[in-house]
Amino acid sequence: MIRLTGIERTFTVGGEQVHALRAVTLEIAQGESLSIMGPSGSGKSTLLNIIGLLDRPNAGTYELDRRDVTGLTDDELARVRREKIGFVFQFFHLVPRLTAAQNIELPMVLSGIDPAERARRVEQLLAEYGLTERSGHRPDQLSGGQCQRVAIARAMSMRPGVILADEPTGNLDRHTGQEVMGVLERLHQNGGTVVVVTHDPEIGARSHRRLRMIDGAVASDEKG
Amino acid sequence: MRPADLVRFTYASVTAHRLRTGLTALGIAVGIAAVILLTSIGEGLHRFVIAEFTQFGTNLISVTPGRTQTHGASLGAVNTVRPLSIDDALALRRAPYVQVSDPIVQGNAEVVQGGKSRRVTLYGVGPDFARSLQMRVATGEFLPQDDPRAARAFVVLGSKVARELFGGGNPLGSRIRVGGDRYRVVGVMQSKGQVLGFDLDDTVYIPVGRALELFNRESLQEIHVNYEPTAPLAEVEEGIKRILIARHGTEDFTVTPQQKMLEVFGTVLDAITFAVAAIGGISLVVGGIGILTILTIAVAERTSEIGLLRALGATHRAILLLFLGEAALLAAIGGAAGLLAGWSIALVLQVALPALPVHVPWSYAALAELMAVGVGLAAGVLPARRAARLDPLEALRSE
Ligand SMILES: Nc1ncnc2c1ncn2[C@@H]1O[C@H](COP(=O)(O)OP(=O)(O)OP(=O)(O)O)[C@@H](O)[C@H]1O
Ligand SMILES: [Mg+2]
């Protein structure tokens with residue numbers, strides 16, 4: 001469960017204050033599927049980064065699973081990210097010299113999970129995302145859709161409560177994009193919390209809950 | 001992160017750029033090879049010199065005329081130097097712990113036998129000379145225990161002189177001319193070879209009193225004293241000085257124990273080895289700078305990967321270790337290659353130039369590899385810290 005209260009985020013650019021987020025208050029329940037839309041520069045990515053503990057708010061509090069994570073140190077934040085949050089990026093961010101299987105394994109390697117357990121989970125994830133045939137391929141030998149599926153499998157490898165995706169289809173053609181969204185929707189159906197930032201109204205509309213941001217503030221929040 | 005995974009990850013990073021890795025490691029390899037080679041030669045030289053000097057034993061003291069003073073040698077003192085005499089040498093036998101006291105004078109002389117003549121090094125010595133220097137007689141005897149002041153005209157030949165003058169024949173009992181006087185050959189020495197470029201076999205030995213007459217000298221060049229190996233050196237020195245001062249009135253002679261000489265040699269040679277290793281160390285520093293450079297580039301190139309690792313939950317420490325590990329691995333590869341190269345060159349040198357003493361101590365090899373890894377770690381600190389300090393979000397965004 002995610003609870004944001006009065007979140008403010010300002011950037012100082014050339015002596016001027018840019019308000020990226022203004023008094024954002026938001027609660028996301030466990031297992032919810034949420035899409036965030038809005039014009040460019042409205043603060044969607046900034047919000048997602050704060051939820052993902054990659055960025056810190058200037059004011060306000062953030063509770064993740066009933067724990068106040070606002071004041072944690074960098075390394076504590078890294079540990080929380082490792083255990084509770086899975087990221088999916090627009091540009092995949094796969095490590096080019098590692099195979100699909102090794103990329104999927106990476107978060108578990110960083111967490112020091114037992115190799116036998118890692119191998120088990122990697123195999124399961126490869127099968128789940130239709131990548132078994134591609135397990136030994138490096139990213140430059142994979143299509144965009146396959147890369148994004150590897151990235152999603154990687155995000156899922158630590159079995160996080162929350163998946164955060166910032167324009168996951170932004171770099172894919174329409175068909176592959178829909179395929180990737182299908183994968184994310186399945187995650188949600190299996191009980192995961194999925195937050196997706198997107199520019200595509202069609203994709204946004206498919207979510208159960210739809211957030212619209214304008215100028216750093218939540219303009220609308222629709223369900224159903 | 002598990003240590004094994006850390007190694008695997010750094011190994012994958014390092015092998016992803018083979019050429020770059022090879023060239024960077026080469027820098028370290030050259031440094032390590034230089035260190036290994038130079039210290040090997042230094043150490044070989046050290047052993048060679050010590051071996052040359054100790055082949056006659058180490059419980060030796062050399063007494064020479066004149067006072068070697070380190071501070072303020074006065075010119076007037078030179079005039080009052082009394083010669084070291086055969087009697088001085090005999091007197092020293094009474095010094096505590098002294099086993100043998102050999103008067104020695106050395107020069108060049110012509111030896112003639114049958115129509116053949118040869119210029120050789122001539123030693124005027126006492127009867128105990130050979131024994132005290134652990135030199136062996138091949139045939140016959142060394143000079144007999146005559147009164148050194150009135151010894152019989154006997155000569156002992158070095159092996160080369162015997163060969164040159166007598167060919168395969170037996171020289172024992174023959175009469176040869178040494179510096180114009182007739183001497184009877186009583187022995188031939190075993191071959192001893194060269195010592196510090198000096199041919200010990202192209203030598204003849206005659207009684208010291210006769211040699212002094214031959215060279216028309218008053219003073220011995222040296223008195224060679226052998227003492228009991230277990231004796232306290234300071235007391236032996238003290239005893240020698242006391243006797244000679246009593247005879248000469250002043251300390252107009254110099255007592256040099258071989259052990260002290262060896263100590264001096266040892267420190268000088270150690271210093272040479274160290275200096276030479278330091279020269280090799282400079283190329284190691286250059287190799288270290290190569291690692292620093294390549295790692296700085298790697299951190300810049302892989303900024304977004306670092307951002308990703310941080311997003312996936314890698315701590316500062318983990319990033320730091322990853323890049324330090326890469327630096328250490330690069331250096332270790334280079335170090336191992338350099339070790340192999342340096343060692344091979346040392347072996348080739350040993351075979352090709354047997355005169356050049358080369359010795360590779362294993363402890364140095366291990367030390368050099370440790371040093372390589374140390375240099376790698378030192379070179380890795382700055383780039384690794386830069387990587388660890390990157391802001392995850394900014395790093396992720398850099399593309
Ligand atoms: N690191 C930063 N430094 C300065 N300003 C920033 C930074 N990150 C975001 N901003 C500013 O904050 C505002 C919100 O940015 P954000 O990236 O959240 O927008 P967005 O909704 O994701 O836009 P887009 O749809 O184009 O991705 C923008 O005005 C942006 O210029
Ligand atoms: Mg954005």
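How many positive and negative side chains does chain A have, and how far apart do the centres of the two sets lie?

1. Charges of chain A. In this predicted model, chain A carries 27 positive and 29 negative side chains. The centres of the two sets lie 2 Å apart.

2. Seven helices and ten strands make up the secondary structure of chain A. The radius of gyration of chain A is 17 Å, close to the 17 Å that the globule rule gives for 224 residues, so chain A is as compact as a globular protein of that length. Taken along the principal axes, the C-alpha atoms of chain A fill a box of roughly 50 × 40 × 40 Å.

3. Burial and surface of chain A. Of the 224 residues in chain A, 53% are buried. Among contacts in chain A with a separation of 6 or more, 68% are between residues 24 or more positions apart. The accessible surface of chain A is about 9600 Å², and carbon and sulfur atoms account for 47% of it.

4. Chain B contains 13 helices and twelve strands. The radius of gyration of chain B is 33 Å, well over the 21 Å that the globule rule gives for 399 residues, so chain B is more spread out than a compact globule. The C-alpha trace of chain B spans about 100 × 50 × 35 Å along its principal axes.

5. Buried residues come to 48% of the 399 residues in chain B. Residues 24 or more positions apart provide 80% of the contacts in chain B with a separation of 6 or more. Chain B exposes about 19000 Å², with 60% of that supplied by carbon and sulfur atoms. There are 36 positive and 34 negative charges in chain B, and their mean positions are 3 Å apart.

6. Interface. The contact between the chains involves 25 residues of chain A and 24 residues of chain B. About 2300 Å² is buried between chain A and chain B, and carbon and sulfur atoms give 62% of this area. On the side of chain A, A:His93, A:Arg97 and A:Leu110 supply 30% of the area that chain A buries against chain B, more than any other three residues.

7. Helix α1 of chain A. Which residues of α1(A) are buried? They are A:Lys44, A:Thr46, A:Leu47, A:Leu48, A:Asn49, A:Ile50 and A:Ile51. This helix covers residues 44-51 and is mostly covered, with seven of its eight residues buried.

8. A:Leu53. Just after α1(A), A:Leu53 has a positive phi of about 65°, although A:Leu53 is not a glycine. A:Leu53 sits in the loop between α1 and β4 of chain A. The relative accessibility of A:Leu53 is 4%, so A:Leu53 counts as buried.

9. A:Asp215. A second residue to check is A:Asp215, which is not a glycine but has a positive phi of about 55°. A:Asp215 belongs to the loop between β9 (209-214) and β10 (217-223) of chain A. Is A:Asp215 buried or partly exposed? A:Asp215 is partly exposed, at a relative accessible area of 47%.

10. Helix α2 of chain A. The buried residues in α2 (residues 74-84) of chain A include A:Leu77, A:Ala78, A:Val80, A:Arg81 and A:Arg82. The cover over the buried residues of α2(A) includes β4 (59-64), β5 (67-68), β6 (85-88) and α3 (100-110) of chain A, together with α10 (303-311) of chain B.

11. B:Ser304. Helix α10 of chain B holds B:Ser304, which counts as buried at 16% relative accessibility. B:Ser304 and B:Ile240 are 64 residues apart in sequence, and their C-alpha atoms are 80 Å apart in space.

12. A:Ala153. Helix α5 (residues 144-156) of chain A contains A:Ala153. A:Ala153 is buried, with a relative accessible area of 0%. Which residues is A:Ala153 in contact with, leaving aside its neighbours within four places in sequence? They are A:Ile104, A:Leu125 and A:Tyr129. From A:Ala153 to A:Gln17 the separation is 136 residues in sequence and 38 Å in space, C-alpha to C-alpha.

How values were computed. Residues numbered from 1 in each chain as written. Chains lettered and ligands numbered in written order. Predicted model: local features only at pLDDT ≥ 70, side-chain atom pairs only at ≥ 80, totals over all residues. Heavy atoms only, no water. Helix = DSSP H or I, 4+ residues; strand = E, 2+ residues; numbered from the N terminus. Rg over C-alpha atoms; globule rule 2.2 N^0.38 Å. Buried < 20%, exposed > 50% of the residue type's maximum accessible area, 1.4 Å probe, protein only. Contact = heavy atoms within 4.5 Å. Areas by Shrake-Rupley, 256 points an atom, 1.4 Å probe, with all protein chains shown as cover. Lys, Arg positive; Asp, Glu negative; His and termini not counted. Charge placed at Lys NZ, Arg CZ, Asp CG, Glu CD. Buried area = accessible area lost by both parts, 1.4 Å probe.
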